[in-house]
Amino acid sequence: MTLEEKRALEALQERNDDNVMFDGFNGDDDFGSSVLDGSESVNISHAGGELHELTRQLISDFWKGNSQTCGHRADYRTRRDRTRRRTEAFDQQMSALTRAYLDWNLANGGSDGRGFFSQYRDTCGTFGTTVDANAGSIIINVVDVFYAERLPLTILSTDSFIASALVRQGVVPCSPISPSTGVTMQALNFYHIARQRNPHFSIQAYVKTLCDLQGVQFHPYLSRQFSIALDMYLQILSNVKSLVHEAIGRSNSNWRLMHACPACTYMLKDEDTLKFRLLYMMDGNDSLKRVLKKVVRDDSEYLDDDNDIPLPRSAELPSTQSVGGDRYLTRDYVNSFAGDSSVDMLSVDDKENPCAGRWNNMKDEKTRRMWGVFDESGIFMAVCRHGFSLVIADMVQSGEQSKYPLAVVSKLLEVFGKDLGGGYDIGCRFKTTLNRSVLGQSARELNHTSLVGAFHGHAHKRLCQLDHLTTYVKGLGLEDLEGCERTFSKSNALASSVRYSSIFHRRQAIANYFQHTDDFEVYANLSTFLYNNYKQALCILHDGQSTLPQLMHELGITNDSVFENWLVEERAYLMSLNQEPKHETLQMEYWQKLVNMTASKKDLDVASAPWSISTPSSASFGSHDIATTIRIETARRHAIENYEKDLKVVQELEVKLGVTCRWTPDDIEWKDAGRLVANRKFQRALDSLEGLVVAHIFELSKMNRAGTGYKLRKHIGRALQARSAAIRMALDRYNTAARALSPPRPSLSWDEVVEYAFLSDFDLLRDARQDVSQHAWATPTGRLAMDTYYKMQRAREEVQRLNIEVKRMVTYLRDKDLYLRECEKQLRTIHPALAYQVSVHCNIYARFTEHHFCRLVSMGKLHGFTGSLSPGVSSEESPGASGSAPAVCIPARLLVPVVPVVTENVEDGIADLDDEEGAEVDGEEQSRILEDILQVTFDV
């Protein structure tokens, strides 16, 4: 057997690679070798770092073998117990800590930026409190940004806890009962804000910076202490935010989501009705993974119920720490849709969807091995068309399963109701999934529409584009539905900081990041978004008004309604190409079997022809002659069997086709069927070429995408080189098949293929039965005219939507400011501390008001502006709405007296904190070392 034959045989062998069970770091040695030898690829997200995690598996035996001798051997049970007791102790004091923060913030809100130590010295350590004869004190190390000192802090007789006494003076303790160290509010707030602006900025980097500024040596336990204080600080801020919303009447669990975007959700009375009440987009992102810290267990006790796959077990205990708000969908809520759909969202057998089978690279089994390494394998989220985050769900040990978009759609339908339009990169396929799910009836009744983004839409079949592409969807305007891609290009920076964190800290970091981004970036840029879109729409209309009439004149068209008819004609034309007629399929099969029978008859004639001539002198009956005779007889018998088998198939097809006289090469039917077979080969060559160009375009887009690291660009560059060679080979096969047609189809050049901007152009090459160029809508001028017409239609719709959104924005700016100012005024007399927090909340948005009004005024000066900058009247008058009459209240939590409780000592020693921090650092460092080794191997 030749080498080529061996390879062909191996390619035909059935493989069970997809059924191999992967258990993360538990000794799957073959996986590492398959990556090293290149037989298995590694999925790399835009943020990178996957190889870093997968290499940890290769040294799992090293960790196990050296766990007893390692200097920083982490005892997970002891550490988890300490963390649990510490968290529970702080939770018991949280009400007192929150009140203490309110008092401190009220007293120091106007400190003009003075640091902790300046205020301490100016007030002689009292921070403006009245003298308490029964007061005590505690000496602790107070850490600020530029200075740290051991100071005595006052404990008043009214303080319920030591921790609350410190918070009242602007210091967050690092331990709940008997703290020895505390961090100032200013130092914690500085890091909190800096991290939102630069997610790469880690706690360790910040603590090292403080040490450098203060001239002291860094120790690992310092990072752990700062982390504990930061957790408490963020929890206090979350509680304060909840109290403020409750005080001003906004305690509804869905309040944030219902009012996430002023332009989308702030409805006005008597405004025009839009086809899509809310436009949103959703997608999954695999950059924000979190490594699963597993414990040793018996695999047989933890199996997937459906696939009998060992499930990793986390080493983390359930924590009482939680991230508040309605931004995150719970795992239970998402999992309630796990078995809901009766159809696989990425199935290739969906006859209703012309794009079925195009997204096999997204199927979960393709990356199944990888999910054993990570617990959360990414996030799935939805954003509105202006970029405000709506909801987020964690993807847990899986890829983009249908339960994630179903959970998102369910939540949005519940909150927003009817007339929603949702963009998704496989929205055409998801529409079928949604219709067949338990949400199907509700989605139809509420008129939910599944759409496809502009960028991803160009990789869909042309027939799919006619129904889902943004250019052809009425009421969509100029929205490209690709907001998730822009959002993820920024949030990918979080990847390195959440990769090794706990479940709580990962979710906390993600929620805080998107909250800060919504408040300080998306909201700040909202008026700019409206201005730029309005300007773009007016430019499209201005250019189209001169271009379209000229194109219509060249085409001999007088009425632009013909473009709608062209779209209908193109859809009907492409529908006719979806499947071969059954009669033609049988004819092609009959022709192919006739060819096979002719070949087998020829083989039979050849096998029957040999004669063995022997003379008395040459006759012999040795073993050689006997073997020759047996071989000839066997070959003749095989030839007879093959011929009879082919003859039987031909006879069966003749019965089906009603053929009374067997075709011969001179018959017209033979020639017609031969052309059909050549056409089929042509179309299959076209499919292969199209698929390679799709991958080529996506990889080119990744090369220049923001956030793509050097290593990923290098990896994509190598893939492009291999892809280019494959495209050339596929192009040669296509041109060969094109020349075999009668009449021959035009050949394609390399330059034409690689410059295709729209993958739909391939669909217009697909029909070899007729010359598509005879259709006006298929000519370059016709397609340009049709695109210009539809762009102008969408631009007019964009202007209509923007006129509504601009008026909503103006009304929102007025109503929100008036409402919050009045709430602050009412609270000032009954709870000054809460009143101050309302003013802080108001200032988050008020700082951008002047910028918004400037942008809106500039928009009003645009030539062609048809909207109004006068405020309207909000349609929402429920309690808490900005357009309603303010009616504040003091939250019941602030009326209940704090009862001091006695808690067992849960203090952490410096050695314990050092060990915890050291274990994390050692684990990451070992992975980085091995990654470098493997990277050298890959580059060789």
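In what order do the five strands of the open sheet stand, and what is the sense of their pairing? In this predicted model, local features need pLDDT of at least 70 and side-chain atom pairs count only at pLDDT 80 or more, while totals for chains, interfaces and linings use all residues. Residues are numbered from 1 along each chain as its sequence is written, and side-chain values use heavy atoms, with hydrogens and water left out.

The order in the open sheet is S7-S6-S5-S8-S9, and the pairing is mixed; strands (E, at least two residues) and helices (H or I, at least four) are DSSP runs numbered from the N terminus, and two strands pair if DSSP finds at least two bridges between them. Strand S7 (389–396) and strand S9 (449–451) stand at the edges with a single partner strand each, so one side of each is left without a neighbour in the sheet. From one strand to the next the twist averages 20°. Within the sheet, strand S5 (residues 278–285) and strand S8 (residues 420–423) pair in the parallel sense over four bridges, and Leu278 stands opposite Leu420 in S8. Helix H16 (residues 427–436) lies across S5 and S9, running at about 150° to S9, where angles run from 0 to 180 degrees between N-to-C directions and axes are lines fitted to C-alpha atoms, for helices over the stretch in contact.

A helix pair can be followed next. The axes of helix H8 (residues 185–197) and helix H10 (residues 220–247) come within 10 Å and cross at roughly 85°, which makes H8 roughly perpendicular to H10, a term that covers 65 to 115 degrees. In contact (heavy atoms within 4.5 Å) are, among others, Met185, Leu188 and Tyr191 of H8 and Phe226, Tyr233 and Leu237 of H10. The residues of this contact divide into 10 nonpolar, two polar and no charged, with Ala, Val, Leu, Ile, Met, Phe, Trp, Tyr, Cys and Pro counted as nonpolar, Asp, Glu, Lys and Arg as charged, and the others, Gly among them, as polar.

The largest nonpolar core has 79 residues, and those with the most contacts inside it are Met282, Leu412, Phe563 and Met859; such a core is a set of buried Ala, Val, Leu, Ile, Met, Phe, Trp, Tyr and Cys residues joined through side-chain atoms within 4.5 Å, buried being under 20% relative accessible area (1.4 Å probe, protein chains only). Helix H30 (residues 780–830) gives the largest share of this core, 13 residues.

How values were computed:
Parallel < 35°, antiparallel > 145°, perpendicular 65-115°, else oblique. Buried < 20%, exposed > 50% of the residue type's maximum accessible area, 1.4 Å probe, protein only.
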